[in-house]
Number of protein chains: 4
Amino acid sequence: MSGPDGGGKAWGGRFDGGTDKRVEAFSESVSYDRRLFRHDIAGSIAHSRMLAAVGVMTPAEADAIARALKEIEAEIESGKFAYDISKEDIHMHIESALIARLGDTGRKLHTGRSRNDQVATDSKLWTRDALDRGDGLLVGWMQALVRAGRRHQNAVIPGYTHLQRAMPVLAGHYFLAWVEKCHRDRGRLADCRKRLNENPLGAAALAGTSLPIDRRMTSEALGFDRPAANSLDISSDRDWAVESVFVLTMIQLHLSAWAEEWILWTTSEFGFLSLPDAYCTGSSIMPQKKNPDVLELTRGRAARVIGDLTTLLTLVKGLPLAYNRDLQEDKEPLFDAFDTVEACLALAALITDGARLREDRIRARIDEGYLDATALMEALIKRNIPQRSAHELVGKLVGLCERKGCRLADLSETDLKAVDTRLDGSLRDELGVDHAVAGYRSEGSSAPGEVDNRLAHWEQALGLAKAAK
Amino acid sequence: MSGPDGGGKAWGGRFDGGTDKRVEAFSESVSYDRRLFRHDIAGSIAHSRMLAAVGVMTPAEADAIARALKEIEAEIESGKFAYDISKEDIHMHIESALIARLGDTGRKLHTGRSRNDQVATDSKLWTRDALDRGDGLLVGWMQALVRAGRRHQNAVIPGYTHLQRAMPVLAGHYFLAWVEKCHRDRGRLADCRKRLNENPLGAAALAGTSLPIDRRMTSEALGFDRPAANSLDISSDRDWAVESVFVLTMIQLHLSAWAEEWILWTTSEFGFLSLPDAYCTGSSIMPQKKNPDVLELTRGRAARVIGDLTTLLTLVKGLPLAYNRDLQEDKEPLFDAFDTVEACLALAALITDGARLREDRIRARIDEGYLDATALMEALIKRNIPQRSAHELVGKLVGLCERKGCRLADLSETDLKAVDTRLDGSLRDELGVDHAVAGYRSEGSSAPGEVDNRLAHWEQALGLAKAAK
Amino acid sequence: MSGPDGGGKAWGGRFDGGTDKRVEAFSESVSYDRRLFRHDIAGSIAHSRMLAAVGVMTPAEADAIARALKEIEAEIESGKFAYDISKEDIHMHIESALIARLGDTGRKLHTGRSRNDQVATDSKLWTRDALDRGDGLLVGWMQALVRAGRRHQNAVIPGYTHLQRAMPVLAGHYFLAWVEKCHRDRGRLADCRKRLNENPLGAAALAGTSLPIDRRMTSEALGFDRPAANSLDISSDRDWAVESVFVLTMIQLHLSAWAEEWILWTTSEFGFLSLPDAYCTGSSIMPQKKNPDVLELTRGRAARVIGDLTTLLTLVKGLPLAYNRDLQEDKEPLFDAFDTVEACLALAALITDGARLREDRIRARIDEGYLDATALMEALIKRNIPQRSAHELVGKLVGLCERKGCRLADLSETDLKAVDTRLDGSLRDELGVDHAVAGYRSEGSSAPGEVDNRLAHWEQALGLAKAAK
Amino acid sequence: MSGPDGGGKAWGGRFDGGTDKRVEAFSESVSYDRRLFRHDIAGSIAHSRMLAAVGVMTPAEADAIARALKEIEAEIESGKFAYDISKEDIHMHIESALIARLGDTGRKLHTGRSRNDQVATDSKLWTRDALDRGDGLLVGWMQALVRAGRRHQNAVIPGYTHLQRAMPVLAGHYFLAWVEKCHRDRGRLADCRKRLNENPLGAAALAGTSLPIDRRMTSEALGFDRPAANSLDISSDRDWAVESVFVLTMIQLHLSAWAEEWILWTTSEFGFLSLPDAYCTGSSIMPQKKNPDVLELTRGRAARVIGDLTTLLTLVKGLPLAYNRDLQEDKEPLFDAFDTVEACLALAALITDGARLREDRIRARIDEGYLDATALMEALIKRNIPQRSAHELVGKLVGLCERKGCRLADLSETDLKAVDTRLDGSLRDELGVDHAVAGYRSEGSSAPGEVDNRLAHWEQALGLAKAAK
């Protein structure tokens, strides 16, 4: 027998023969959509209570359904629930178990809805929770970054462009740069959640229903802001999945950039950072190796999330209205992207807390790379040399240092004057990374006061007590 | 000679030899970033006025710079401005032209800023304008869709799932489904614009500056909401470009789905839609062809925008702080995505206005595909047959029709009762697409009243006078 | 204790503390690389036999290792083998089980190799088998296509460009178009296999080894054509994975195009094709639905394989030499792409065998769309009217038909002469799809003889007995 | 007037009104497909000579066409040819110019072909040339790599895994790793070219023609191996474009990895490599900067080529037979991918020739990172300690060195024996990177003899005289 009765399909009446077993294996989704079971049950309870409220079933029927669904939920949670790919998806499994318990009462649950709106509802509820989890994990990483910023607040480190040493910055400023990126990520999460939070339930297959359902009631029960407005749109819409995975991709790209940098910093050549052994692994053949595997995997998994996004984008391209079965393929990339980003964010917070800048090693080579050249140029500007001319002069001084193998601070007054008579020995007071950093004054710069204020801002915003310095 | 003086590079002092010509050709960007000239000039004027306000240059110098820059802008607009790839980018071209006019005064413009923050500022300004244009074009298409909805408001058309006929819907409802998708797109555009609108200017290369610049003043002058908060973040940030192209991708994906559907509708087999000749093309060999090329290109160009997005995502993956030259590659995909989506939206509005549903042809075959089967099932539910049982019964009736080659409405009372004794001839009153459509009552459904209200809603929201029906 | 002894890591000696459990869960691969167990064991047996041959271990030790590994293989196959993520990957699991059985003898297995070359070897062996399976499945689909071509060989169907009816073709020709695409896919599979088939084993971590291993011996034992030539290249190379997934992507794209077309053909509007119920599914709410789900999933899964490829491309971008842990992420997209394409190919063959063209329905509407217009144009060319002029004239005739609502064959001699005096009633002998098809004569065209010959060619090439017609 | 006569469309007869100007701008391709003009003319000349050979036109007509086409080619090359988007594409421009010169003779050129097969032919010819250029450029880079390998053949550099120092290798071995990758790239280019090289011409629109064309003759004239076999396949096939861009993507990914590595090597922290000034650029604000821009752009442009490939893959997904206008979008990504990869390869060869390893700086820090640990482990294996035990012991020695802040060579006999009594002072003879490198003996390893032989192999294979050492 077909139908959710007896464990069959939702759609048997019109069909003569059974489904080919290979087709069942090909088209089942229960192996991955079982993750939706809690949200499916919550949606079905809300739906049945609404059906009772509008008189399509009795309150006693709705109560029986809710009780039975909670039992099924417990059974699934306990691991005892039996799955069978001939029942296609988690929705059929649950409805079938309900009918097995309740008979005709269970057969009324699917009134005024379709799998199309049901799946969209369950998936949106799941995604909404996942967005909230992601936000919490982002906050966790941001807190760790702010703590690290305080820990190493006034250490001077090289700032890079083109991976070449550029200008000195405070480590506190460095950590805060990542916090700013995370903050934008949180904004994207919030915007995505807001847009997602419209109720698909009651769109039925694609056109709505002739039954007197109350979509505002289920919206309220399920925490949606309002019913989504057009049933054809609902049946075809996967914007919320694609946008969610995009938002995750941006997070993971930020993580990948951070991971790349810290991989560099843990090399023998940079030597800026030490990681706890617990977050590293070794080699099966090279006994000395201590590898930053978690960082490498974090970087590599950006490729994975980009792949998930590409799948979703390509999936929905050129699909006419309304639901097409292609859309079943939305779930695995969605789940994978959340799983990946959540795991990486959780470890990023741990690593950020556990890592230590090797301040002495950084300091020992801080004079390499002419990090104070821009400070010198700005000193010339303050002496009324136009910027372009000042830039040119300092460029010549650097060229001279290169040939002599010395620092700018090592140039003699004679050296300076040989380049331009406006230069004199007093300029040497402007040199050195400490001087350069102390001189910053623009808003958002690495000026010590700016960094301190911004750390305090984030400590407050993220609920951190200000660390003792 | 090096430097923007005499048309050279911004950075010659440290270098012994010139740049290889092949390297110049390889790394130039002026061939495409010249599009930024207006925004570059606006940014430089704001920057120089601020420099004057804080005393880094005189008001007279700032005035001279502003005047000269406006002259240069006019020269560029007139097409007389000479480009030379040895000057790398549009920023160098303009500054070099300024110095040629003003000498040392021009050499002061680049004080307290770097090309890193300058390029970010120019690009954000350009993108902000482009987002606004995109929003306007979206509104244009939405208006056309609403007009089409009114034009064909009460025509009954097949609604599809799996591209199989599913349930009947009003054409008005159909057009509104696209409006809802566009509305989400507008929300994404607005959120992206809001997030973008923080001022990079004054971050300088990556660490800020020791000069007394006022970033709030340039923010206000350029319409930014506030200065972006962290100079290292600014120097490395391309979130705004990636998010913009993502938002565009979503628009183009909606366009691609619409185009696919209308390509189907213009086939000989569907025959639902006629397009004006002016938007079609023919064949070089097959004299009878009238091809929906604009729709096909619209669909195909979704691939292009997905490619642009993939480029941007892959570009920023794993880049350490702060600026890396890879980021120069952000502009072409950004420009291409906007160009593509803007062109497609503009034509989508034209085509939507010019197309006509072939209501008679649709009507002639509206009885195919059992579009009233769900209405029949819901009638059984109202007669207290549980949904799953009702679904099963109607499935059997459809199977019977298939074997007989008839419509549901053609089944006799005997046929009905043979399937289940609860079925009787009065059910035939529930059949037919008109009856089915009239029966819809859920919020967001294709019920005539719902559709009429929603059309009115959008007419008001989009500033359309309600069309006479 | 660390090391594969006692179930630990391969790399403990240098480390003070244990690995964080969250890191183990984050970085383990045994949950998916366990699929490699057979190839890992084959590789280890070949490696140990070689070590014995060159005197690094005794033949008795190699025999003991081979026996124990075969026992472990049987245990894994039986499902009794215990996995533990603290042992990271399948390689460590197997080696650890070996040491548990053999003690110091087992501890010698990893001599002269590293996990880097071991993983590459196992993965290449797995991929080589998978490529061979893919080739077999392609052949299976090609055979089904050829059978379908014979079955419907001489049915005339519309050929489309721009999804508009263009010229008539034989169904036999249609099916063969897909065979040609598959044939290119087979070529790509073979080229990829050839390039993959170089032995990584013995590259060790990245530089080779000081031990007297014989890489030619393991190459021969494992069926590789030769040892790969450069150890640094081997340690970093994932070309074979990326190319494999690209080849699969091309197959899946062909499948997606075929699926799209057959989805169209099973619509109510086209009505060209019937699919067996066993390969379709229904709706939970719409009792009449019969949906081509397998085709839709096949189309949708192209997005999945494109996503897999994107992941791999993005993964390897910008990775310096040699092995980086990011590369662990190569396996899941590789496995997923093969799983997806293999499943789709298998069902494509079944569906192709089970589907039937509805020749009567196609025939009933074959006169729509002026499919004979090009034949008419070529008839004019044969009467010495230049092609461009002939094209113009037939275009005018079609315009006339459009206005009159008739076929080209329905135009009167008067109609013809009104357009151009060179036209006369004898042209009507050139009209009609059957005449058009019979007229084709170019090589590779839909000429009946061409199609028959090409079917025979493929029947022979693919080992099919020529079907009785 | 419509038609190529008078500069119009190829397809006007059936149309009442003109094309909307916005549609012309939207759908034109001449702004980029003009690059195909030489191949279009070559194809048309071959086609017309064949038409003469089979009697469809006279030899005099074919001669006139060939002469006129050569004139048009010269006009295009001279930059005097006028383009007009109302003529859509380069093919229409050239045919229109031909008709303007020759009248009715020109109107005969398009006999027995369509734009579908014409465009495919032109594009394949262009791509075939481009693949050959790409191969030449790859050879150029390989030659430079081999020269660099000889130049620095016996310098010992650190080999890395996980970007951590792993084992020492010869610089000669290092450069050869890239040569091996290029060699696989050449294989892919050759396989792609072979598969591409089948003649589309004569497939006409999609079904062939009733005219007595000889496709073998045009195949021979245009250097194709044979006529492609199925006209429907030809009309829809873009495998050759996608595969070409994939092959390019692999090349660019190799370039990106090389660029990443060399960017690292030019940092202040690594200091392994110096690049000529001519291939670097500076900063507009930081006077000291010397940035490896060409390498960064090379890395970044991998994103661009991946984007091109994604566009093509997504473009062809789900397109039914045969030609769809979406396919016009194949050209820009194809051209862009070739332009990008060709430019990067050309500069890679220059940079490889111009760069110098800073052997003294590398040597100065070669003792960092325990590069000899694996050599030590293998020495223990030779003393009959099982690999896993030997690995464990050396791990402990490294731990000891870490705590003492010394090299392995600095451990005393007492230190050694404290770890394991089997260890003694003679082991110190096994230490040091020079000893480690000299000890390699496996095929494909960094053994000096292996490296020398492989350099010689490539010098011969690539036509380089062996450099004096």
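Helices here are DSSP runs of H or I with at least four residues, numbered from the N terminus. The model is predicted, so local features need pLDDT of at least 70 and side-chain atom pairs count only at pLDDT 80 or more, while totals for chains, interfaces and linings use all residues. Residues are numbered from 1 along each chain as its sequence is written, chains are lettered from A in the order in which they are written, and side-chain values use heavy atoms, with hydrogens and water left out.

**Stop 1: two helices of chain A**

Select residues 115-151 and 448-461 of chain A, which are α7 and α19. These helices pack at an angle of about 145 degrees, and their axes lie 10 Å apart. Each axis is a line fitted to C-alpha atoms over the stretch in contact, and the angle runs from 0 to 180 degrees between N-to-C directions. The crossing of α7(A) and α19(A) is left-handed, that is, the near helix is turned anticlockwise from the far one by less than a right angle.

Now show side chains. On α7(A), pick Met142(A), Val146(A), Gly149(A) and Arg150(A); on α19(A), pick Asp452(A), Leu455(A), Ala456(A), Trp458(A) and Glu459(A). These residues make the contact, meaning heavy atoms within 4.5 Å. By class there are five nonpolar, one polar and three charged residues. Ala, Val, Leu, Ile, Met, Phe, Trp, Tyr, Cys and Pro count as nonpolar, Asp, Glu, Lys and Arg as charged, and the others, Gly among them, as polar.

**Stop 2: chain B against chain A**

Next, colour chains A and B separately. Their contact takes 114 residues from chain B and 114 residues from chain A. Together they bury about 9400 Å², 57% of it on carbon and sulfur atoms; buried area is the accessible area (1.4 Å probe) that two parts lose on being put together, summed over both. Within chain B, Leu321(B), Arg388(B) and Glu443(B) lose the most area to chain A, together 8% of what that side buries.

The term requires a side-chain nitrogen of Lys or Arg within 4 Å of a carboxyl oxygen of Asp or Glu. Between chain B and chain A the count is 20 salt bridges. The side of chain B that touches chain A divides into 45 nonpolar, 34 polar and 35 charged residues.

**Stop 3: chain A against chain C**

Bring in chain C. Here 62 residues of chain A are in contact with 62 residues of chain C, and about 5300 Å² is buried, 61% of it on carbon and sulfur atoms. Select Phe26(A), Ser284(A) and Arg325(A), which supply 14% of the area that chain A buries against chain C, more than any other three residues.

For a salt bridge, look at Arg301(C) and Glu329(A), at 2.8 Å from N to O. Chain A and chain C have ten salt bridges between them. On the side of chain A that touches chain C, α1 (21-27), α12 (293-316) and α13 (331-354) each supply at least two residues. The largest share, 16 residues, comes from α12(A).

**Stop 4: backbone details**

Most residues other than glycine have a negative phi, and most peptide bonds are trans. Zoom to Leu321(A) and Ala322(A), where the peptide bond is cis with omega near -10 degrees; Ala322(A) sits in the loop between α12 and α13 of chain A. In chain C, Leu321(C) and Ala322(C) are also joined by a cis peptide bond, with omega about -10 degrees.

Finish at Glu88(D), a residue other than glycine with a positive phi of about 65 degrees, in the loop between α4 (59-77) and α5 (90-102) of chain D.
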